[in-house]
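Here is a short briefing to read beside your model. Take a moment with the picture, then follow the notes below.

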Amino acid sequence: MTGVQTCALPISSPAEQATLDLYRALSEPELEPPEAERLLRRALARDPKLGDAHFHLGRLLGRLDRKRAARRSLARYLEFAPEGLYAATARALLETMRQGR
């Protein structure tokens, strides 16, 4: 059984489902990277404007040394949230990747 409890309220909209996928990808420490990536991509398929999912997918892909895809996700995050919570970190990660570090 996972550490995430389900709620009794019905989740109906794609945006709500996307948010739950994002939450699960971030809150279950035992998830292997492929499963976390699957959840983040599913969240984005349900709600392509879910900026936080773009950021976290970019971070994950960067750790997996998939730099090109990571840059795309981080840039997409900045399109949706140029002043968002993770904007400075996204810019720093992009700069580090540009410099080949």
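On helix H1 (14-27), the buried residues are Ala-18, Asp-21, Leu-22 and Ala-25; buried means under 20% relative accessible area, exposed over 50% and partly exposed in between, with a 1.4 Å probe and protein chains only. Because they cover an arc of only 100 degrees around the axis, they sit on the same side of H1, the arc being that of the directions from the helix axis to the C-beta atoms. This is a predicted model, in which local features need pLDDT of at least 70, side-chain atom pairs count only at pLDDT 80 or more, and totals for chains, interfaces and linings use all residues. Residues are numbered from 1 along each chain as its sequence is written, and side-chain values use heavy atoms, leaving out hydrogens and water.

**Helices and confidence**

- Helices (H or I, at least four residues) and strands (E, at least two) are DSSP runs, numbered from the N terminus.
- The 14 residues of H1 should span 20 Å at 1.5 Å a residue, and the end C-alpha atoms are 20 Å apart, which agrees; the expected span is 1.5 Å times one less than the number of residues.
- The chain averages a pLDDT of 90, and 88% of the residues score at least 70; pLDDT is the predictor's confidence in each residue, from 0 to 100.
- Among the elements of the chain, H4 has the highest mean pLDDT (97) and H1 the lowest (91).

**The second largest pocket**

- The second largest pocket has a volume of about 200 Å³.
- Of the 13 residues lining this pocket, Ala-25, Leu-26, Ala-36, Leu-60 and Arg-63 are the closest to its centre.
- Two or more lining residues each come from helix H1 (14-27), helix H2 (33-46) and helix H3 (51-63), and H3 gives the largest share, 4 residues.
- A pocket here is an open set of points on a 1 Å grid over the protein atoms alone, where a 1.4 Å probe fits, with protein on both sides within 12 Å along at least five of seven lines; lining residues have an atom within 4 Å of a point.
- The volume is the space filled by probe spheres set on the points, which are joined across faces, edges and corners.

**Two loop residues**

- Asp-65 lies in the loop between H3 and helix H4 (67-80) and is exposed, with a relative accessible area of 56%.
- Although Asp-65 is not a glycine, it has a positive phi of about 60 degrees.
- Lys-49, in the loop between H2 and H3, is exposed, with a relative accessible area of 62%.
- Lys-49 and Arg-76 are 27 residues apart in sequence and 8.9 Å apart in space, C-alpha to C-alpha.
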